[in-house]
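This briefing is intended for reading alongside the sequence and the three-dimensional view.

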Amino acid sequence: MAAPAPPLPPQPTPDPPMTLPESPIGNPIFVRTRLANKDDVPHIHKLIHQMAVFERLTDQCSSTEASLSSTLFNSTPFQSFTVLVLEVSSRPFSEDHHYRNPLYPPVVRIINLDLPIDDPEAETFRSSEGVVVAGFVLFFPNYSTFLAKPGFYIEDLFVRECYRRKGLGKMLLSAVAKQALKMDYGRVEWCVLDWNINAIKFYEEMGANVMQEWRICRLTGEALQAYRNLE
């Protein structure tokens with residue numbers, strides 16, 4: 001008599017669709033982080049300008065949509081410059097082409113707010129029907145000789161003013177940290193302006209060590225150009 005066929009292996013339980021409860025409490029919003037692409041450059045450029053205004057550094061900001069488009073998206077994400085955008089919506093996100101990205105499927109969360117958000121620039125930052133860009137993070141690999149491991153350096157992390165203090169910055173920082181762990185990287189680093197007390201407190205609450213003993217050294221502009229003909 002033939003042996004009975006072995007039972008089928010257990011099948012993974014599919015994730016339930018992310019929908020609003022029938023009687024939501026408060027004001028829920030859907031938030032997702034996803035990989036940016038060239039189509040996002042106009043929004044990224046506007047976010048960079050807003051960040052320069054906030055940091056009082058508009059005199060140093062010379063980027064354009066054209067320069068961003070030509071330099072940001074020429075390499076595989078996470079191997080060079082990488083941008084994640086943060087989007088918000090009052091309804092569940094549709095499973096668009098971003099969900100088919102094998103390098104980084106979007107991460108979606110529901111945040112329940114006490115009050116609705118009044119976004120005066122919602123139309124300016126609209127990325128698709130009912131979806132608005134609320135922030136971004138730009139980062140790239142670096143290397144630690146002490147750890148003998150690569151890491152990520154965060155160049156910019158920015159959330160638009162009306163979306164701050166709602167956990168969205170935490171989502172962006174967590175996304176970079178989780179990707180570093182996924183790639184077995186050793187650390188994530190970034191800089192913060194010494195007068196930005198709120199940001200310093202936020203980073204410390206996220207577990208970061210704010211290293212008072214280090215200073216940034218930078219060559220740029222004429223100081224860098226002076227090396228062109230240096231022997």
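**Surface patch and its setting**

Leucine 219 is located in the loop that runs between helix H4 (197-205) and helix H5 (221-225). The model is predicted, and the points below are grouped by topic.

- Leucine 219 counts as partly exposed because its relative accessibility is 48%, a value between the 20% limit for buried and the 50% limit for exposed.
- Leucine 219 belongs to a nonpolar surface patch, which Leu219 forms with Leu224, Tyr227 and Leu230.
- Together, the residues Leu219, Leu224, Tyr227 and Leu230 have about 420 Å² of accessible area.

**Arginine 34**

- Arginine 34 is part of strand E1, which covers residues 27-35.
- With a relative accessible area of 3%, arginine 34 is classed as buried, because the cut-off for that class is under 20%.
- The side chain of arginine 34 is in polar contact with the side chain of glutamate 87, at 2.9 Å.
- When residues up to four places away in sequence are not counted, arginine 34 touches Asp40, Val83, Leu84, Val85, Glu87, His98, Tyr104 and Pro106.

**Aspartate 119**

- Aspartate 119 is found in the loop between strand E3 (107-113) and strand E4 (126-128).
- The relative accessible area of aspartate 119 is 12%, so this residue is buried.
- The side chain of aspartate 119 and that of arginine 160 are joined by a polar contact of 2.4 Å.
- Apart from neighbours within four places in sequence, the residues in contact with aspartate 119 are Val132, Arg160, Cys162 and Tyr163.

**The chain as a whole**

- The protein chain contains five helices and seven strands.
- Along the sequence, these elements are arranged in the pattern β-α-α-β-β-β-β-β-α-β-α-α.
- The protein chain has 231 residues, and 32% of them count as buried; arginine 34 and aspartate 119 are among the buried residues.
- Of the contacts between residues at least 6 apart in sequence, 74% join residues at least 24 apart.
- The protein chain has an accessible surface of about 15,600 Å², and carbon and sulfur atoms account for 55% of that surface.

Methods
Residues numbered from 1 in each chain as written. Predicted model: local features only at pLDDT ≥ 70, side-chain atom pairs only at ≥ 80, totals over all residues. Heavy atoms only, no water. Helix = DSSP H or I, 4+ residues; strand = E, 2+ residues; numbered from the N terminus. Buried < 20%, exposed > 50% of the residue type's maximum accessible area, 1.4 Å probe, protein only. Polar contact = N/O pair within 3.5 Å; in protein donor to acceptor, adjacent residues only side chain to side chain. Contact = heavy atoms within 4.5 Å. Patch = residues over 30% accessible without salt bridge, like charges linked within 9 Å, V, L, I, M, F, W, Y side chains within 5 Å. Areas by Shrake-Rupley, 256 points an atom, 1.4 Å probe, with all protein chains shown as cover. Salt bridge = Lys/Arg side-chain N within 4 Å of Asp/Glu carboxyl O.
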